[in-house]
Amino acid sequence: MPDALPVPVSVIGDLRRARRRQRVAKIHWIDALYQVYLVGIAVVAVVAVLSTVIGDEALDAAGIERVRTDGPAWLGVAAALAFFVGLRSGSRGGPLAVEAPDVRHVLMAPVDRGAALRGPALRQLRFAAFAAAGTGAAAGQFAGRRFPENGLEWILSDAAFALTVVGLGFGAALLASSRRLPSWLATLVGGGLLVWSVADVASSSVPMAPASAAGVIAVWPIEFHPLGIVPIVVAAALVAIGLAGIAHVSLEKAERRTALVGQLRFAVTLQDLRTVMVLRRQLAADLPRSRPWVRALRAPGRARFPTWQRGWRGVLRWPVPRLLRLLALAAIAGMSLRGVWNGTTPLLVPAGLALWVAALDAIEPLAQETDHPGLRDGYPLAEGELMVRHLPVPAVVMVVVTGIAAAVAGVGDRAVDASVLAIGAVPLAAASVLGAAVSVLMGVPKEVDELLIASPEIAGAKTVLRTVFPPLVACLGVLPVLMARNPPEGSTATDMAGTGALIVGFVVLLCTGWVRFAADIRMWWVEASQTAKDQAMGRTAEEEVP
Amino acid sequence: MTDEELPAVEVAELSKDYGDLVALHPLDMTVDAGGSVALIGHNGSGKSTLLRMLAGLLEPSDGDIEIAGWPVGSLEARATTSFLPDDPVLYDDLSVREHVEYVSRLHGGSGWDDYAASVVERLGLMDRVDDLPSRFSRGLRQKTSIVLGIVRPFSLLLVDEPFVGLDAGGRQAMFELLDEVRADGAAVVVATHEPAFVERVDRSVALRDGEVIFDGVARASDVLSLVGA
C-alpha cells in the first residue's frame, strides 16, 4: 500500500496535459478550420430560419400581456424537461461519460475520485453553459425586436434563463448520480414536476408549477418578479452539491454508460436509428424480462403461425419501463389529437411523432430480424414476406396504444368526437406501425451509394427523404381527425373521417408493398448496376483492343 | 504485504441480481491473507460477477465485502486490490511504457523501473514497449493488461480468465508471475477454465448458476465433476 493515501491527483493532471499536447499536435488545422466553417454555416442557417419564423413585427398590448401571463408556464416546461432528463440521466450514472480506461485505471486507483472527476464535470458544464448562453442570447435578440423594452435586457434575461435550465438539468444529473438516486424515484420526481408544468400550461385552474418560476426569468424585461431568483439559486445549489458529492458516482453505472455513450454517439453520426434505440435501451437498463408476463402460449414447434407467436413472445417480455413509456406516449398523442381537433393544426406533428416512437418499440420483433441478418437469411422464405408477417403483432399493440390515446382525446371538455376517433384509431395505428417499419428497414445509409454517385444532385433530397418520410407516414395517420375537424357543407365529421381513413389506408397499403418488395427491389438494383458495370467494362476492353 | 491477522477478502451474504435475473445467490467466503483461491465454473456461473464485485466494479445487491478489513471501494481497499480483467481496457494514445508509468504512479509506485522492465521482458513485450497497445492483437493487449496489474503495489490480486488469448510463452510467464506474487505474500483469487490451475492454489470454489457448490481442495481431474457436465 502507498505510504500516504490518497495518492496525489497531480499524476492525473500531468497525464491529461501530456495527452492534450499529443492530441493538439495531431490536429490537422485545415480539417479543424473546415469544421469551424461548417458549424458557422449551420449557425447562420439556424439564425436565418428562426428570424423568419419569429418575425420582427412588434406585439400589441394584448400580445405582450399574453406573453407575461402564459410565457413563464410554457418556458417552465423546458426547465421541467431539463430537470427530468437530468434526474433520469443521473440515476443511470450521468451526466459524465468518462473514458473506459479512466474508469478502470483512475477510478479504481487510490486517488480522490472527487478531484479526478470534478475537472471533466466542470469542462462539460462549461461547454453546456457556453452553448446555452449563446442560444439564449440569440433568442433574446429575436424577442427584443418584438417588444418595446430594451433589446439588451431581453438578451441578458433569456441567456440567464437558458443558463438556469442548463444548471437545473446538469445539477439534477450530478445530484442524482452522486446520491445514487434509484431510476424509479428519478422518474417519479422528474416526471411529476414535468406533468405539473404541462398541466400548468393546459389549465389555468392548476396551481403554478415550480418550474414555471424559471420561465419568469425569461420575461423579466416585461415585469421583474423576484420569484425568478429562486430557480437560479436552486440551479447553483444543485450544481454545487452535485459537484461536492461526485466522488460517490457508481463505478458499475459509469462503466456501462461509458461503453454505451461512445457507441451511441457513433450510431447518431451514422443516422443509425435502430442502433440508437437499442443502445438507449441498454443505457436505461430497459431490457426484456427473463420470464414473460403470461406463459400460456403454446410451444413454438406446435404453432400454426410461428411469426405471430414469436412476436407475442417478445411483446410479453417487455419490461415495466417500456410499458410505462408507451402509456406516456399514448397520453401525449391523445392530448395532441385534442389540440388538433380544437384548431391547433401543428399539434399533429407531436401526435404522429409520439405514436411513431411508440411503434418503434412495438415493431421490436421485426427489428430483431434486421439485427440478425444471418438468421433471417437462413429462413426458407423471402425477406419481404417475413417482414410483412411481422406486422400484425405490432399493429395489434398499436391499436391498443392508439385506443388509449383516443380515450385521452375523447374524454372531458372540448373532446374529439367519439365517432371520429372510432374511425381514425385503426388507420392511425397502422400508419405509425408502417412508418416505424419503413424507418427500421431503410437501415443505415450506405457508405458508397451508387445511385448518389451517378446522380449527386439528388443526394440532399434523398437524405431528407430518408429522415423525414417515416415520421411523415405516422403523422399522416392524424388525417381523419384533421379532415373531420371542419367538415364542408353537406358532409359530416364522420364522412370526412372516413375519407381521411381511406387516404391513410391507401398510403399504408403502399408502404406495406414497400416492406414486402424493398429487399427484392434492392437486389434487382444491385444486379442491374453490376450488369451495367460489366457491360461498360466489356465495351472499354473491346475499344482498347486494336 | 497485508496485515497477517486480517483476511484478504471477507464476504458476507453477498448477492447480485439484475431485476428478475439472479447472477449470484447469497454467499459467504473468506480468503486468508497470502492465500490463493481458484474460482471454477461454467460460463454464466457467476465467477466474473463475484470477481468484479470484489474489485469494486459491480455493486452488490446485498451483503458486505471487506478487503483486508476495509470496505470494498474505499481508498485503502483500492490501494490493496489489483484487478486483472478478461477484457483489457487500455488508452488508445498511450504506449505500453506510458501506461506503466501512469498506472504505477496512480498507485503510489515509482513509475517505470527495473521491476516493470523485467515483467515486460518476461511477457515478451520489450520490443513493443514504445508502441500503442491499441494497435496490438488481443493476446498482446492481454499481456499489457497483465503488466499493468502486476507492476503496481497490491496485496490482493484478482484475476479473471488470465490465460485467454495467451500463447504458450505467455501462459508460462503468467503461471510464474502468479507463483511469485503468492511467494511475496499477496493473496490471489483467479477465475479460470484451466483445470490444471486448481492444483497450484490452496483451495477451489466451484460455482454453478450463481451458487457455491464446492469449497475445498480440488484436483484437476475433479474439476469436470465439480462444475457439472
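This is a predicted model: local features need pLDDT of at least 70, side-chain atom pairs count only at pLDDT 80 or more; totals for chains, interfaces and linings use all residues.
In chain A, where is confidence lowest and where is it highest? Helix H20 of chain A, residues 450-454, has the lowest confidence in the chain, with a mean of 59, while helix H9 of chain A, residues 229-244, has the highest, at 96. Over the whole of chain A the pLDDT averages 86, and 93% of the residues score at least 70. For chain B the mean pLDDT is 90, with 97% of its residues at 70 or more. As for the complex, the predictor assigns an ipTM of 0.88 and a pTM of 0.77.

Let us walk along chain A, starting with helix H3, residues 61-91. Beyond the helix you will find Gly93(A), which follows H3(A) and has a positive phi, near 105°. Look next at the peptide bond between Gly94(A) and Pro95(A): it is cis, with omega about 0°. Pro95(A) sits in the loop that runs between H3 and H4 of chain A.

Helix H5 of chain A, residues 113-146, comes next on our tour. Its 34 residues reach 49 Å from the first C-alpha to the last, close to the 50 Å expected at 1.5 Å a residue. Which residues of H5(A) are buried? They are Arg113(A), Ala116(A), Leu117(A), Ala121(A), Ala132(A), Gly136(A), Gly140(A), Ala143(A) and Gly144(A). The cover over these buried residues includes H1, H4, helix H6 (151-178) and H9 of chain A.

Further along, Gly343(A) lies in the loop between helix H13 (320-341) and helix H14 (348-362) of chain A. Gly343(A) counts as exposed because 10 other C-beta atoms lie within 10 Å, and the cut-off for exposed is 12 or fewer.

Now to the meeting of the two chains. The contact takes 26 residues from chain A and 23 residues from chain B. On the chain A side, helix H1 (10-26), helix H4 (100-106) and helix H10 (251-269) each supply at least two residues. H4(A) gives the most, with five residues. By type, the chain A side divides into 15 nonpolar, four polar and seven charged residues.

Chain B itself has seven helices and 10 strands. Its radius of gyration is 17 Å, close to the 17 Å that the globule rule gives for 229 residues, so chain B is as compact as a globular protein of that length. Its C-alpha trace spans about 45 × 35 × 35 Å along the principal axes. Of the 229 residues in chain B, 49% are buried. Among contacts in chain B with a separation of 6 or more, 69% join residues 24 or more positions apart.

Glu13(B), in strand E1 (residues 9-18) of chain B, has a positive phi of about 55° although it is not a glycine. With 11 C-beta neighbours inside 10 Å, Glu13(B) counts as exposed. Ala68(B), also not a glycine, has a positive phi of about 50°. Ala68(B) lies in the loop between strand E4 (62-67) and strand E5 (70-71) of chain B. Is Ala68(B) buried or exposed? Ala68(B) is buried, because 22 other C-beta atoms lie within 10 Å, where the cut-off is 20 or more.

Key
Residues are numbered from 1 along each chain as its sequence is written. Chains are lettered from A and ligands numbered from 1 in the order in which they are written. Helices (H or I, at least four residues) and strands (E, at least two) are DSSP runs, numbered from the N terminus. The radius of gyration is taken over C-alpha atoms; the globule rule is 2.2 Å times the number of residues to the power 0.38. Two residues are in contact if their C-beta atoms, placed from the backbone, lie within 7 Å. Ala, Val, Leu, Ile, Met, Phe, Trp, Tyr, Cys and Pro count as nonpolar, Asp, Glu, Lys and Arg as charged, and the others, Gly among them, as polar. pLDDT is the predictor's confidence in each residue, from 0 to 100. The expected span of a helix is 1.5 Å times one less than its number of residues.
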